[in-house]
Amino acid sequence: MDIGFSEEQEMLRETARKFLDDECTTQFVRRLMATEEAITAEFWTKLAEQGWLGILYSEEDGGSGLGLVDLVVLMEEIGRAVMPGPYPATVLLGGAAIAAAGSPAQRQECLPRIVAGEVKSTLAVTEPNARWDAAGITLAARETRGGFALSGTKMFVPDAHLADVLVVAARSRDGSTMEDGVSLFLVPRDAAGLAIRRLPSVDETRKLCEVTFDNVAVPPAALLGELHQGWEPLARVTDRAAVALSAEICGAAQRVLDLTVDYAKLRVAFGKPIGTYQGVKHQCADMLVEIENAKSLTYYAAWALDEGDAEAAMAVSMAKAAASDAGRKVCAAGIQLHGGIGMTWEHDLQLYLKRAKADEVAFGDATWHRERIARLMGA
């Protein structure tokens, strides 16, 4: 493993930071989070022009053909800017599932349009049981003469109200294991029997939805990948998304530390800047250690997935657990060191805290991933 980023990756970081500094100020974020969509058509088009909507997809599918390490660089900057909108839903989840499991025809139908910004997508996995493993997928997919009928409920589906097409994980049979019998389906948002209701969420820069399926009929061509064999590509997609969100948490936490250090240099108490006091220095040092540890594990997990390393699954869980803890601890410490101003709506710290909290619980929190590590180790 090469420690450090390539010249191209550093250039990606620089251009992403400049773009977001210019186009995604906190005033812009606050304005969009108050809307139903949390995105504008103009901003989405700019993301497409930057090439961000196709960064993970192959050149044959209209993308850039870059790896997860490249995406991690971008996601750190997205976290630093608290960029709103359905970017993770479309690129990391829905589009990634189509890229991982779709046939050449399905990929050619959907991915170039996602890359161009013409289509948005999402991935419907979690259900009211709030489980992240294969046993949590209970939405029924019943074979019919005309294809399949889907019945059940999906919860906390990111930006489903904006998605033109949903990738839905369903149980198509009771197999010998919980992983056996999971299938993936492409379902258009306007399908008969499909209802979407937006849910309140801690991070209003990205919306969560409840999606109900009442005998939603889909044709055989809607099956994504092989029947009953959808868990393996789904697990790959969610692992990669977990690493990407870990990078986003690191970017948000780093921004909180930067804001806190700047504030500690300016805020005067008892005649001296608070940054001169040992207790404040120690807390800032602890924040830095948490962030650097999470970054290192996230970079390693991204590399392990790109290289197909045998311990990639364990690396993913180590990264997500560390980043989840780091985001929570760093944001809490930042608010504490800011004092009363840190608790106000007017200060930007609340934006980073909410993003870190939302990312913390997505695809399993620290406790869930530590349990997964124990299972992988055979404990």
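Guide: Axes here are lines fitted to C-alpha atoms, for helices over the stretch in contact, and angles run from 0 to 180 degrees between N-to-C directions. Helices (H or I, at least four residues) and strands (E, at least two) are DSSP runs, numbered from the N terminus. This is a predicted model, in which local features need pLDDT of at least 70 and side-chain atom pairs count only at pLDDT 80 or more, while totals for chains, interfaces and linings use all residues. Residues are numbered from 1 along each chain as its sequence is written, and side-chain values use heavy atoms, with hydrogens and water left out.

Visitor: How do the axes of helix H4 and helix H8 cross?

Guide: The axes of H4 (residues 68-81) and H8 (residues 278-307) come within 8 Å and cross at roughly 145°. Contact means heavy atoms within 4.5 Å; among the residues that meet are Val72 and Glu76 in H4, and Tyr299 and Trp303 in H8.

Visitor: Why is Arg13 called buried?

Guide: Buried means under 20% relative accessible area, exposed over 50%, partly exposed in between (1.4 Å probe, protein chains only). Arg13 has 14% relative accessibility, so Arg13 counts as buried. Arg13 lies in helix H1 (residues 7-23) and, not counting residues up to four places away in sequence, touches Phe5, Val73, Glu76, Glu77 and Tyr299.

Visitor: What makes strands S2 and S3 a pair?

Guide: Two strands pair if DSSP finds at least two bridges between them. S2 (residues 140-144) and S3 (residues 147-158) are joined by 5 bridges and run antiparallel.
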